[in-house]
Amino acid sequence: MGERYNIHSQLEHLQSKYIGTGHADTTKYEWLMNQHRDSCCSYMGHPDLLSYFAIVENESKARVKFNLMERMLQPCGPPPEKPED
């Protein structure tokens with residue numbers, strides 16, 4: 001019983017520390033938003049991918065990086081309205 005509590009508390013700690021790990025109440029919108037933000041962050045963190053995007057879009061790498069950072073603000077559009085209880 002003590003080991004199960006320890007694993008549960010570790011999982012709760014990870015979920016509070018890292019937003020993208022999700023939990024039982026994570027909505028589809030929140031999950032998609034985390035996926036899109038993680039993808040944009042990964043693109044910016046890999047210089048080869050950033051160079052590839054810059055060539056494809058015929059933009060400078062700084063402009064592509066700026067566009068990716070802007071896309072991270074609301075990657076999936078405005079949040080859906082929550083139903084009132």
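Helices, of at least four residues, and strands, of at least two, are DSSP runs that are numbered from the N terminus. On that basis, the protein chain has four helices and zero strands. The model is a predicted one, and the mean pLDDT of the protein chain is 85.

**Confidence of the prediction**

- In the protein chain, 87% of the residues reach a pLDDT of 70 or more.
- Among the elements, the lowest mean pLDDT, 74, belongs to helix H1, which covers residues 2-17.
- The highest mean pLDDT, 96, is found in helix H3, which covers residues 47-57.

**Overall architecture**

- Read from the N terminus, the order of the elements in the protein chain is α-α-α-α.
- The protein chain has 85 residues, of which 13% count as buried.
- When contacts between residues at least 6 apart in sequence are considered, 49% of them join residues at least 24 apart.

**Aromatic pairs**

- How many aromatic pairs does the structure hold? There are two aromatic pairs.
- One of them joins Tyr-43 and Phe-53, whose ring centres are 5.1 Å apart; the planes stand at 80 degrees, so this pair is edge-to-face.
- Tyr-43 belongs to helix H2 (residues 28-45) and Phe-53 to helix H3, so the pair ties together parts that lie 10 residues apart in sequence.
- Tyr-43 is partly exposed, because its relative accessibility is 28%.
- Phe-53 also counts as partly exposed, because its relative accessible area is 21%.
- Tyr-52 and Phe-53 have ring centres 6.1 Å apart and planes at 55 degrees, so their pair is tilted.
- Taken as a group, Tyr-43, Tyr-52 and Phe-53 are linked by ring pairs into a cluster.

**A nonpolar surface patch**

- Leu-49, Tyr-52 and Val-56 make up a nonpolar patch on the surface.
- Together, the residues of this patch have about 290 Å² of accessible area.
- Tyr-52, which is located in helix H3, takes part in this patch and also in the aromatic cluster.
- Is Tyr-52 buried or exposed? Tyr-52 is exposed, because its relative accessibility is 52% and the cut-off for exposed residues is over 50%.

**The loop between H3 and H4**

- Asn-58 sits in the loop that runs between H3 and helix H4 (61-71).
- The phi of Asn-58 is near 55 degrees, which is a positive value in a residue other than glycine.
- As background, most residues other than glycine have a negative phi.
- Asn-58 counts as exposed, because its relative accessibility is 70%.

- Met-72 counts as partly exposed, because its relative accessibility is 22%.
- Which residues does Met-72 touch, not counting residues up to four places away in sequence? Met-72 touches Arg-37, Cys-40, Cys-41 and Met-44.
- Met-72 and Cys-41 are separated by 31 residues in sequence, while their C-alpha atoms are 8.2 Å apart in space.
- Gln-74 counts as partly exposed, because its relative accessibility is 48%.
- Gln-74 and Met-33 are 41 residues apart in sequence, and the distance between them from C-alpha to C-alpha is 7.6 Å.

Notes. Residues are numbered from 1 along each chain as its sequence is written. This is a predicted model: local features need pLDDT of at least 70, side-chain atom pairs count only at pLDDT 80 or more; totals for chains, interfaces and linings use all residues. Side-chain values use heavy atoms; hydrogens and water are left out. pLDDT is the predictor's confidence in each residue, from 0 to 100. Patches are made of residues with over 30% relative accessible area and no salt bridge: like charges are joined within 9 Å, nonpolar side chains (Val, Leu, Ile, Met, Phe, Trp, Tyr) within 5 Å. Accessible areas come from the Shrake-Rupley method with a 1.4 Å probe; for residues, only the protein chains shown count as cover. A salt bridge is a side-chain nitrogen of Lys or Arg within 4 Å of a carboxyl oxygen of Asp or Glu. Buried means under 20% relative accessible area, exposed over 50%, partly exposed in between (1.4 Å probe, protein chains only). Rings of Phe, Tyr and Trp (its six-membered ring) pair if their centres lie within 6.5 Å; planes under 30 degrees apart count as stacked, over 60 as edge-to-face and the rest as tilted. Contact means heavy atoms within 4.5 Å.
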